[in-house]
Amino acid sequence: MTPETSSPVRADVVIVGSGTAGLSAALACAPLTVAIVTKTEGIGGGASPLARGGIAAAMGPGDSPESHAADTIAAAGGLADPDAVRELTTAGPRAIARLLARGAQFDRDPAGRLALGREAAHAMARIVHSGDETGAEVVRTLARAAAAARHVAVFPSEFAEDLIVTRGRVTGVRVLRRDGARRRFLARAVVLATGGIGRLFAATTNPPEARGDGLAMAARAGAALADLEFVQFHPTALDAAIDPRPLITEALRGAGAIFVDADGTRAALDDGSPAELAPRDVVSCWLERRRASGTRTFLDARGVGEARLRSGFHSVIAACAAAGLDPAKELIPVAPAAHYHMGGIVVDARGRASIPGLLACGEVSRTGVHGANRLASNSLLEALVFGEIVGKDLEAELGPPTSPVPIPDAVLDPAAAPCWLPDPDDEAVLRRAVSRGLGVFRDAVGLRRLLAALEELAPKAGAGELWNMVLVARLVATAALSRKESRGSHRRSDDPRAADVRIRPPMAS
């Protein structure tokens, strides 16, 4: 093992991850000094730039945070925390206003107002868009602000291996550089904003870096985790041999695209109702049942109109073109793919984990707003809102800065493969096993078979990302085996009580 370098990096706050949540937290920490550690080659990595749909916020006439909260809770399978949901939906319009003040460019109607779209399970048109590249626009906006912020320093191409815990408090992270050198980052608080776990699955919309690193670090340190079995499958990933699977945004259905069979006949849910705006878990299960029976499903976007497709859905056009399709003239084959993890590190209303000195925000956290199934376009909103909360809370709690702004090293050769990457063959074995055992439908036999496969793979894991992937897959499979019911995104096909359980808790007064 390569020894640590002699000089640790010091900052008031270390943030691991450079997507929407991490950047939001970093900006809100001012004037505390912040070191952002990211294994990508620069800020703005992760799943955030791939978010196609938009940001849900009660901005339109007749809408309200209460209505947005009701929709969020209704989709959550009875497990949403009403207080956390209220915080999310109340803060939504302010989060959009901050982005606009920082120069974000969102779609406007002819009168110059924000053009609000509608997506699955929303009662109102409340989705703020930047074409179908909303996540990329959000990250560009936040990255510009972070680059101009004097209190923020970014350390790219550095892999956070583990948390440093001193006398029961998190005091930093151990980091592995691209060339194999190790060092410590020491801080008064550490924020994990490392994103999700989609790369554990063979078919996913997530980028390669979504391997569950933050969850693994938190688990090894003894932090509380919850709801790990709840993995949302996006129903309309492009059904093509592309990794990651391009996401065919729900906004396309909101614009008029419909589900059809191969012959163009409109396809409806099992009860005959339209599938286009049903909750994601319902649509994913319906599509998976059709796929298992040998029936392929398509989106027909021809009715949207070629002009609107080419002007408002650039990512869809590009993704289809990569697969040799023209959505203005041809049907788009779709299938579910692992998309978002509702579970994660348990945090309180201020983003604080169960270990002092550790906070989390974004997809790696479990705030309680998503429950068993996330409402469409609430993910970017959660990252913005709770990233801001985490940063503001640290600024208030820690007081004046005590460390100077750290100085990043020269970036190592990006052409050199990072030493923490897993062996491709071992990773492929794991991803296939996880997809078989933890797919849209799960059962005890498949989950136990997965756990056995992970035991066989564990001796090869060593350190680095495969080590994290094996641990997180074990945790998720164990949680899925323990929940012997179907709820939200977790469907147990082997339990006689299996049902689409939708408990709607009352909103607290």
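How many bridges join strand 1 to strand 10, and do the two run parallel or antiparallel? The answer is 2 bridges, and strand 1 (residues 9–10) and strand 10 run parallel. This is a predicted model, in which local features need pLDDT of at least 70, side-chain atom pairs count only at pLDDT 80 or more, and totals for chains, interfaces and linings use all residues. Residues are numbered from 1 along each chain as its sequence is written, and side-chain values use heavy atoms, with hydrogens and water left out.

- Strands here are DSSP runs of E with at least two residues, numbered from the N terminus, and two of them pair if DSSP finds at least two bridges between them.
- Strand 9 (residues 169–177) pairs with strand 10 in the antiparallel sense over 5 bridges, and R174 has R184 in strand 10 as its bridge partner.
- Strands 9 and 10 form a hairpin with 4 residues between them, and G180 in that turn has a positive phi of about 100°.

**A buried arginine**

- R492 sits in strand 21 (residues 491–492) and is buried, with a relative accessible area of 3%.
- The side chain of R492 reaches the backbone oxygen of A480 at 3.1 Å.
- A polar atom of the R492 side chain also lies 3.4 Å from the backbone oxygen of R483.

Note on methods. Buried < 20%, exposed > 50% of the residue type's maximum accessible area, 1.4 Å probe, protein only. Polar contact = N/O pair within 3.5 Å; in protein donor to acceptor, adjacent residues only side chain to side chain.
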